[in-house]
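Please read the following briefing alongside the sequence and the model.

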Amino acid sequence: MERQGPLFSLFVHASALLLAVVILAPLVWLFVMSISPAADLSAKPLKWWPSDIDLSRYRTLLSAIENSTGAAFIASLFNSLKVAGMATLAAIVVAVPAAWAVSRTPAVSWSLYTVIATYMLPPVALAVPLYMGLAYFGLLNSVFGLALVYLTILAPFTTWLLKAGFDSIPREIESAAMIDGARLDQILRLLTLPLAAPVMATSALFAFLLAWDEFFYALLFTSDLRAKTLTVTIADLAGGRVSDYGLIATAGVLAALPPVLIGLVMQRALISGLTSGGVKG
Amino acid sequence: MSGTWISTRAWLLMLPLLAVMIAVIGWPLVDTVRLSFTDAKLVGTEGSFVGTENFTRMLTGSNFWRALVITTLFAIVSVAAEMVLGVLAALLLNQQFRGRTALRALMILPWALPTVVNATLWRLIYNPEYGSLNAALTQLGLLDSYRSWLGEPGSALIALIVADCWKNFPLVALIALAALQAVPRDITAASLVDGAGPFNRFRFVSMPYLAGPLLVALVLRTIEAFKVFDIIWVMTRGGPANSTRTLSILVYQEAFSFQRAGSGASLALIVTLLVTLLAVAYAALLRKAAGAA
Amino acid sequence: MLKSTRNALIGATLIGVAFTGHAHAETTLNALFMAQAAYSEADVRAMTEAFTKANPDVKVNLEFVPYEGLHDKTVLAQGSGGGYDVVLFDVIWPAEYATNKMLVDVTDRITDEMKKGILPGAWTTVEYDGKRYGMPWILDTKYLFYNKEILEKAGIKEPPKTWDELAEQAKTIKDKGLLENPIAWSWSQAEAAICDYTTLVSAYGGKFLDAGKPAFTAGGGLDALNYMVSSYTSGLTNPNSKEFLEEDVRKVFQNGEAAFALNWTYMYNLANDPKESKVAGKVGVVPAPGVAGKSEVSAVNGSMGLGITTTSKHPEEAWKYIVHMTSQETQNGYAKLSLPIWASSYDDPRVTKGQEELIAAAKRGLAAMYPRPTTPKYQELSTALQQAIQEALLGQTSPEDALKTAAENSGL
């Protein structure tokens, strides 16, 4: 439609190439580091491509021999899955009724805005009492305790996304069914929730990604393999006695795989979730 | 079906969420307020009431003000850069070119990369002896000798901002792109017929559609940047010479490294107040923008 | 009658089962170590395995964190009911830990054999206010490592005996174009920088505290920082030192990019390992130098101990584990990355063989170990000093002013 001169077209292609390089270069380098022999990574001048491909770190990190680096890594991988999974589930469970209620009863929406406003609280403002509270209930260094704390982040966020989702389902459908004599729980179960399923899935994915990414609370509230999550393990690995940068890179690649795959596959849903929440929130 | 019943029902449905929020946010926040007036230690002593001593000590010490300046600088520069780069990338991705779909898909990658992994990756890139940035710049002839990117107060904060930007501008780009795609084709066509130049087209055709989503992204990103902890913790821990010690790092140090829960809490509340002010200002801006549109 | 006897018997058996069941029930200990310097993770795991083999009813979970996280992790875990039983602690923390009642006082558990056999310097690691809060485990100080090949090429016969000599030799190496920046230190804004600084303070005969008040702003304390700054600004020191931790120093040294490096014991055998290092066989080690008229050698007490946390539910087993880890038998078997706390170990060929040079340096260095200040507010003092060192290095303030500010911010 738009008339594009050859110069303009060249400019667009060059910029696109530049953008692709900017986005890809660090990621490709992370992967290259993970498969390069240790000597290549401390060579001067630096070797940009591995002299031979070294997959030993993947074996090291994914081997489950008791009391090894690999076992610690795998344990934290599972902890991350457990914490993120539980926190996501709990967030959706409390968020769905609340989001629907606010969507259908605007008079109570101020309470939702109060909840959403808590998103801006810096975690440091809650950390000390949360720490003492978890200690009191014996929930420090526990995946359950950490999942509970993650609700501080996930619950407001999912409610916000879900409310936008429910807003887009016309109330008329519900009131029509109501006139036909259907009970509220039937309407929700058979009508509204199936219609809202895509939004719920998107919200759950968002929540999962947020929990997977969390570092601050995990750093404070977990101490060992029973609850330590992947982000803390990676920070420990990067700060500790690892003379092989490739190992750190490998841990990074493995930790990034789940969210990156989710991101690639669900891109459209994630973006529409964000923008619809953003525009109407 | 009476109005009271409907709002009672709404409250009942909200009960689980509100209960959880009170347990994990409301109570801790109240307790932080209580702690901030005591000299409580993290472990051991409960502490006794000391009035506003914590607040005066924090506000009169140089550490707080320095951290505030650093945090503000980090937030303003990184968010501004993310917005500009994000919109530029979105305008580009809205053009016709080969590989557009693939490039759009790639944009999600930095955003999906966990923050800690991103920080670790950039720390390796910036490594003063074996980092790829030094190697690349030297091999291209842009740099005479290797530099200590995270070791110089001048470059450490910039290096952090670059790492933060790289992770976050693609998200802004994707949000802006979604907004641009909502611009009706016939409006663009009409503006072309009217002979509007590219700048005017952006200003008067695209901008109204972009403003809303971008403002929301701006608000969220600023608040997040103001709370920044992870990336700094992993990359510099506040060094060199405290030149990257932001407010969150300072609170961590006070409350957890030095175990002074009381003054840590007071500092955390000051930060909270600042973020709240910021959010209120933005909310007013948003309302104004919504009114204008 | 018969029935009641039988009931009593059954009852007794049940109680017996319950008791023996309890005695055989597996006890799990959680132990916190660091993944930095001294014993490697593999060493600690192997030592622990020997313990669990001898004590099959005890299971030990090991946790490794970077040194930078060790203090905070210990403090934070204290609040959790099921936290650590055994923690590794640095020589600078017993004051704080004891004041906050985080470690069990083990003074009475220490046997005469331990008292006599362990080097007196090692004991200072675990003592506060006349009580002992654990067993010394890592006996360590910073040594001056040098690359024999580079020194030879520069025509230097003997490694430096004083810090001024070190500067001269480094200048020779720089002038001959062998290396641009011959010396590597760990001056990152971290405890590592304080260890290097303390080494110099001890060389210059300085003092940290005098009657509980900061005394590092003048005399030896100031001389030490001045030396660091001049070494940095003259280019004799690798400028990247200001973001190095010990592992970075090791990496640079074993890549052949440093002629001199200040580091802990563990670097000796790692830098001599051809699989890890390009300078294997060329590594020299001497005690850190002294200052003419003030000291022969200098050294920081960088030792660490193992203690039982007050929240541990199994202090007996925890103590047993600590005794195993610190025993002469265990330590002599793993003397490559960290040297034993036992006096007689230094004559054991198992310990000395293949590292005679290190042992010779250790005998002089360990005897000269200088403590970092003992105060419950050590973390704050250290944080303030780290900032002072970095600001002075970066030329943001003069060493005098930087140290004065540190003294004001130290909380003392």
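Of the 293 residues in chain B, 50% are buried, a residue being called buried if 20 or more other C-beta atoms, placed from the backbone, lie within 10 Å of its own, exposed if 12 or fewer do, and partly exposed in between. The model is predicted, so that local features need pLDDT of at least 70 and side-chain atom pairs count only at pLDDT 80 or more, while totals for chains, interfaces and linings use all residues. Residues are numbered from 1 along each chain as its sequence is written, and chains are lettered from A and ligands numbered from 1 in the order in which they are written.

**Chain B: fold and domains**

- The secondary structure of chain B consists of 13 helices and zero strands, where helices (H or I, at least four residues) and strands (E, at least two) are DSSP runs numbered from the N terminus.
- Among the contacts in chain B with a separation of 6 or more, 71% join residues 24 or more positions apart; two residues are in contact if their C-beta atoms, placed from the backbone, lie within 7 Å.
- Chain B is assigned domain 1 (1-29) and domain 2 (66-260 + 268-292), with bounds that come from an automatic or database domain assignment.
- Between the C-alpha centres of domain 1 of chain B and domain 2 of chain B the distance is 35 Å.

**Chain C: two domains and the contact between them**

- The assignment for chain C gives domain 1 (27-140 + 302-367) and domain 2 (143-300 + 377-409), and the centres of these two domains of chain C, taken over C-alpha atoms, are 27 Å apart.
- Where the two domains of chain C meet, 21 residues of domain 1 are in contact with 20 residues of domain 2.
- On the domain 1 side of this contact, α3, α4 (94-99) and α16 (356-367) of chain C each supply at least two residues, and α16(C) gives the most, with five residues.
- By class, that side of domain 1 of chain C has nine nonpolar, six polar and six charged residues; Ala, Val, Leu, Ile, Met, Phe, Trp, Tyr, Cys and Pro count as nonpolar, Asp, Glu, Lys and Arg as charged, and the others, Gly among them, as polar.

**Chain C against chain A**

- This contact takes 26 residues from chain C and 17 residues from chain A.
- On the chain C side, the elements giving two or more residues are β2 (58-65), α3 (67-77) and α11 (246-254) of chain C.
- The residues of chain C on that side divide into eight nonpolar, 10 polar and eight charged.

**A helix pair in chain A**

- Helix α1 (residues 6-35) and helix α12 (residues 245-265) of chain A have axes that come within 7 Å and cross at roughly 125 degrees, the axes being lines fitted to C-alpha atoms, for helices over the stretch in contact, with angles from 0 to 180 degrees between N-to-C directions.
- That angle makes α1(A) oblique to α12(A), because angles under 35 degrees count as roughly parallel, over 145 as roughly antiparallel, 65 to 115 as roughly perpendicular and the rest as oblique.
- From α1(A) the contact is made by A:Leu30, A:Phe31, A:Met33 and A:Ser34, and from α12(A) by residues including A:Tyr245, A:Gly246 and A:Val253.
- The contact of α1(A) with α12(A) has six nonpolar, four polar and no charged residues.

**C:Arg45**

- C:Arg45, placed in helix α2 (residues 41-54) of chain C, counts as partly exposed because it has 18 C-beta neighbours inside 10 Å.
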